Amino acid sequence: MKTAGNMLLSKVNGVPFLQLSSFREQPWLHHAFATRQGGISSGIYATMNLGFGRGDTDANVLENYRRFCAAAGFCVEDLVATAQTHKTEVLRVGQKDRGAGILRSKPWHDIDALITNEPHVALCVYGADCVPLMLADPVHHAIGVAHAGWRGTAANMAGTVVAAMQQAFGTNPIDLLVGIGPSIGPCCFEVDEPVVKAFLANPLLLPQDCMTEKGGGKWNIDLWEANAQLLRSAGVQKIEKGMLCTHCHPDLLWSHRATNGKRGGMCGILCITEALS
Ligand SMILES: [Zn+2]
């Protein structure tokens, strides 16, 4: 199997997808991250655009979901979509929500993380530089996904979704596996002072380990390490970083910065395939 960063890269029917090895080893789970390849969209959305509402036709996006799900092994009917707005709200979903945001409109707004303990409820998280997190509790067979751009990271999206799983499912953070999917890396995420101030305002973050001052009012931030710090503060020990930078791989992945925002969207999907027996 090929690799990209620390991730495994497969291709089925001409549609590539990425996986994390620690999640692949869990027999009760199925997960995959899309790339920008293998879809039918054209122009600035070429070819695998999984983002509705970006200007591409809904028919194209839905066909892209069908192709991606067929290749990666999901049922389109099981998908449930976030409604990401760079906040930290978490929503528990279940069987009744299958299809929301994909096959029908979703009844929620401002939801950057989804959790469930029901099988065949496939949680979708979107990104094109922002960090997609996947969480799995093998003891309770419970999962979560979360979207953490710099705002969500500074506001502790990671710790918030861990706490939500503790409350909803009795998850012990020590048992949790957390995966960090394709997103902009420390190599490319250059920021200026307002972003740095937001990070310095979060006492759980260790600036010396996730920020590098470059001079001229610019810093580089390591969003992967920042999220890992927040997860460790929440008691999580098993963290797998995909180490795959969207901005460094503009042919394979959507990057908001590399395209100046003229782009499609990627999706990561996580689903429980076996109920706890
Ligand atoms: Zn990079």
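This is a predicted model: local features need pLDDT of at least 70, side-chain atom pairs count only at pLDDT 80 or more; totals for chains, interfaces and linings use all residues.

**Exercise 1.** Find how Glu-63 and Arg-67 are placed in the chain, and decide whether each is buried, partly exposed or exposed.

*Solution.* Start with the contact: a salt bridge joins Glu-63 to Arg-67, with 2.9 Å between the closest N and O atoms. Finally, check accessibility. Glu-63 has 27% relative accessibility and is partly exposed; Arg-67, at 37%, is partly exposed too.

**Exercise 2.** Work out which parts of the chain the salt bridge between Asp-78 and Arg-98 links.

*Solution.* The N to O distance in this salt bridge between Asp-78 and Arg-98 is 2.7 Å. Asp-78 sits in the loop between helix 2 and strand 5 (79-81), while Arg-98 is in the loop between strand 6 (90-92) and strand 7 (113-116). The two are 20 residues apart, so the pair links distant parts of the chain. Buried means under 20% relative accessible area, so Asp-78, at 6%, counts as buried. Arg-98, at 29%, is partly exposed.

**Exercise 3.** Describe the salt bridge between Lys-197 and Glu-193 and the setting of its partners.

*Solution.* These side chains, Lys-197 and Glu-193, meet at 3.8 Å, N to O. Both are in helix 5 (residues 193-200), 4 residues apart, which means about one helical turn separates them. Lys-197 is exposed at 54%, whereas Glu-193 is partly exposed at 44%.

How values were computed: Residues are numbered from 1 along each chain as its sequence is written. Side-chain values use heavy atoms; hydrogens and water are left out. A salt bridge is a side-chain nitrogen of Lys or Arg within 4 Å of a carboxyl oxygen of Asp or Glu. Buried means under 20% relative accessible area, exposed over 50%, partly exposed in between (1.4 Å probe, protein chains only).
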